[in-house]
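The chain and its coordinates are shown first.

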Amino acid sequence: MKRNINSDDNSLRIISGSDVGKLLIGKEEKIIKLTSAAYIAHQKGRSVLPHSVFLRFPSKPQNRIIGLPSYIDRTAGIKWIASFPSNIKRGMDRASAAIILNSLSTGRPYSILEGSIISAKRTAASAALAATILSNRRDIKDIAFIGCGFINFEIFKFILSQFPSLESVNLFDLNRKRARLFSDKVKIISNVKIKINNQIEESIQSSKIISFATTASAPHITNKSILLKESIILHISLRDIGSDIIKNSINVVDDVEHVNRENTSIHLASKKYGNADFIIASLGELLLGQKKFPNDSRPIIFSPFGLGILDIQLARFVYEQAVKENAGILIKDFIPPNWHEGPY
């Protein structure tokens, strides 16, 4: 018997990373549509999105765990995602996450999902959607990836799904072994030409679309002359680009209030110049036609803070697919008996 998504019983479905991955195979187009719908709903005020909560550790400031509570379109929940960059040296993924979905009628949790795959795919969908809008839906033939990890690989897959015209990719990572691994994985799914560059400047100047997904904690791209005119920068890692470049570029964000904090490049630039007037639009405003680009050749920078509504929207879709296919583990008595009925 299929479980109603907001039923009031005591059960909870646990959906592992393996199941999440299987349920989302080949769903790039669907995920992009869900992402676009979430941005539009948020722009229209149909979401509740408190600021993310950052848990940091005094002895290891590079590590953090972030809580993203959200509500959108009849779905409520929270993503709890850890970023521990030193995991990479241990041969582990940097990020790990869990997502909890809650019933809107009782507040009870009804599903716990592995969240890192959902987080990566919604991030990649956001980047591919932005690339489509910011390029004015023109064909993309080449792209550069700065940081050769899980996130940029997902972005490659989503870009490829939207731009079959893609011919070549340029790669740069401080760890050349990771760049070679990235290259090997690209070769499995695509025949695009691949070049691994020795210097970051080579990659930045090789393509007009550049995706940053690094572990940088402070800006390291400060020379605006290395950017090509009309470059489109998918600034996924948020802290790579210097304030002067931000100030003198066309900036698009997912949400102004969310991205202008936590020492992102946007935040640092707004503190330096005393305002955030360099932000011209949110992606939601562009999708709805509420804002348009200035007609000039400055680089366009998309800086998405990463809205929890994207995770919750996609997690609900995964949950619904899991129910249909009876995937995951259903714990029928996860919620204890009501206090007035129990032995205690």
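1. The model is predicted, so local features need pLDDT of at least 70 and side-chain atom pairs count only at pLDDT 80 or more, whereas totals for chains, interfaces and linings use all residues. Residues are numbered from 1 along each chain as its sequence is written, and side-chain values use heavy atoms, with hydrogens and water left out.

2. The whole structure holds 13 salt bridges, each a side-chain nitrogen of Lys or Arg within 4 Å of a carboxyl oxygen of Asp or Glu. One of them pairs D311 with K79, with 3.1 Å between the closest N and O atoms. This pair joins distant parts of the chain, 232 residues apart: D311 lies in helix α11 (residues 308-325) and K79 in strand β5 (residues 75-83). Helices (H or I, at least four residues) and strands (E, at least two) are DSSP runs, numbered from the N terminus. Both D311 and K79 are buried (under 20% relative accessible area, with exposed over 50% and partly exposed in between; 1.4 Å probe, protein chains only).

3. K272 and D244 form a salt bridge with closest N and O atoms 3.0 Å apart. Because K272 is in helix α9 (residues 265-273) and D244 in helix α7 (residues 243-247), the pair ties together parts 28 residues apart in sequence. K272 is exposed at 51% relative accessible area, while D244 is partly exposed at 36%.

4. A network of salt bridges links R56, R261 and E262.

5. The lining of the second largest pocket comprises 19 residues, with L134, S135, R138, E230 and I232 nearest its centre. A pocket is an open set of points on a 1 Å grid over the protein atoms alone, where a 1.4 Å probe fits, with protein on both sides within 12 Å along at least five of seven lines; lining residues have an atom within 4 Å of a point.
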